[in-house]
Amino acid sequence: MLKSSPFLYTSDLETVTSLCFRSFEGSNYEVRCAVSELLGIVMATTQQASHPTVGKNRLPTLEEVLNLMASGFLRGGIGFLKGSAGEMIKGGSSVSREIRVGVTHAYVVFIQKLGGSWLESNLNTILTHLLELVANPKAVPTHVDAVYSRKCINFILQSVLGRLLGEKAQASACKELVRIIIKHVNEDSSAESSSKDNSQDTALSQHVLVCSLQQLGSLICVLDTTASTIVCDPSAGIIESVVSVLVHSSSAARLAAAWCLRLITTAVPSQLTPLLERCSDRLDALKSSPEAIAGYSAALSALLGASRSTPLGIPQNRGK
């Protein structure tokens, strides 16, 4: 119907989106899959169709499409977001899990329909948008909701980054994730050192770090030994950025960094011994910091666990 009914993805796009969000409420698995496929295809058509860009029936931009989908993820579609990201914070009641899961599947269908080339061209926009969702107060009102939202975002990223992108694009995605990690680590460090009360910003930032670190580790595992090029490249800063999170104030972020190091050493075994030595030295040097003790201890545990998956293990003379 989309080919012969352009109004579905132009003038009536908000109505169609609202109906899809309402259909997710109280739905079962089969209904969610069907509705999410419809929503994803409609949204993808807005970026593929050739149509006049002026007047009432103009095609929405990518930003407008992402904001419409974000409204379902954050607010259940109660009112649509046409303005800045700050407007996403406003809204009513919490979103049911059925709606959030349905929108999550719709994101996957949306990106898969547009393909790997489109994703590669819009990688920065998609990554930033998805990770901003999990940092929104509406997505993480409670700990359970935070875990649920992180799983949804990880599912989207896992479904598209590792399956639609080639090796070169996956390496670019790793670098983009590192950039996001460094940005949030620096912001959190500045917030902690300043006299202002930025505890809420730090609490929200931890969710971005957790998702970014998990996806970075997953991508490096997918790249396997070919990841050694970017892992060993000092300019990429992968190891440095992950290690910097080990002293973060959030335990979830520290554990995610430790897990990421394990995945890195599993894919690139040559990094196992240097990282073990580095974590041991830092653990001795930062005994006065509870966060450092917890973070580097978790990293050592993760690295020791990774040794069973590496062909050479740990050199005997390195044991302590």
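In the predicted model, the side chains of Glu240 and Arg278 form a salt bridge with an N to O distance of 2.8 Å, where a salt bridge is a side-chain nitrogen of Lys or Arg within 4 Å of a carboxyl oxygen of Asp or Glu. Glu240 belongs to helix 10 (residues 238–244) and Arg278 to helix 12 (residues 272–285), so the pair ties together parts that are 38 residues apart in sequence. Helices (H or I, at least four residues) and strands (E, at least two) are DSSP runs, numbered from the N terminus. Glu240 is partly exposed, with a relative accessible area of 48%, and Arg278 is likewise partly exposed, at 28%. Here buried means under 20% relative accessible area, exposed over 50%, and partly exposed in between, computed with a 1.4 Å probe on protein chains only.

The structure holds three salt bridges. Side chains of opposite charge can pair when their charged atoms come close. Another of these pairs joins Glu176 and Arg179, at 2.4 Å from N to O. Both residues lie in helix 7 (residues 167–193), and because they are three residues apart there, about one helical turn separates them. Glu176 is buried, with a relative accessible area of 14%, whereas Arg179 is partly exposed at 39% relative accessibility. A further salt bridge links the side chains of Glu64 and Arg58, with an N to O distance of 2.6 Å. Glu64 has a relative accessibility of 30% and therefore counts as partly exposed; Arg58, at 32%, also counts as partly exposed.

As the model is a prediction, local features need pLDDT of at least 70 and side-chain atom pairs count only at pLDDT 80 or more, while totals for chains, interfaces and linings use all residues. Residues are numbered from 1 along each chain as its sequence is written, and side-chain values use heavy atoms, with hydrogens and water left out.

The protein chain contains 13 helices and zero strands. Along the sequence, the pattern of the protein chain reads α-α-α-α-α-α-α-α-α-α-α-α-α. Of its 320 residues, 51% count as buried. Contact is defined as heavy atoms within 4.5 Å. Among contacts in the protein chain between residues at least 6 apart in sequence, 72% join residues at least 24 apart.

Two packed helices are described by the angle between their axes and the distance between the axes. For helix 3 (residues 62–75) and helix 4 (residues 97–121), the axes come within 8 Å and cross at roughly 155°. Helix 3 is thus roughly antiparallel to helix 4. On the helix 3 side, the contact is made by Leu62, Val65, Leu66, Met69, Ala70, Gly72, Phe73 and Leu74. Helix 4 contributes Ile99, Arg100, Val103, Thr104, Ala106, Tyr107, Phe110 and Trp118. The residues of this contact divide into 13 nonpolar, two polar and one charged. Axes are lines fitted to C-alpha atoms, for helices over the stretch in contact, and angles run from 0 to 180 degrees between N-to-C directions. Angles under 35 degrees count as roughly parallel, over 145 as roughly antiparallel, 65 to 115 as roughly perpendicular and the rest as oblique. Ala, Val, Leu, Ile, Met, Phe, Trp, Tyr, Cys and Pro count as nonpolar, Asp, Glu, Lys and Arg as charged, and the others, Gly among them, as polar.

Helix 7 also holds Ala173, which is buried at 0% relative accessibility. Not counting residues up to four places away in sequence, Ala173 touches Leu123, Leu127, Leu165 and Leu219. Ala173 and Leu219 are 46 residues apart in sequence, with a C-alpha to C-alpha separation of 8.2 Å.

In helix 8 lies His207, which counts as buried at 7% relative accessibility. With residues up to four places away in sequence left out, His207 touches Val134, Val140, Ala146 and Arg150. Asp224 is found in the loop between helix 8 (199–223) and helix 9 (228–231). Although Asp224 is not a glycine, it has a positive phi of about 55°. Its relative accessibility of 40% makes Asp224 partly exposed.

A search of the whole structure finds zero disulfides, a disulfide being a pair of cysteine sulfur atoms within 2.5 Å. For Cys260, the nearest cysteine sulfur is that of Cys221, 8.9 Å away. Cys260 is buried at 0% relative accessibility, and Cys279 is buried at 0% as well.
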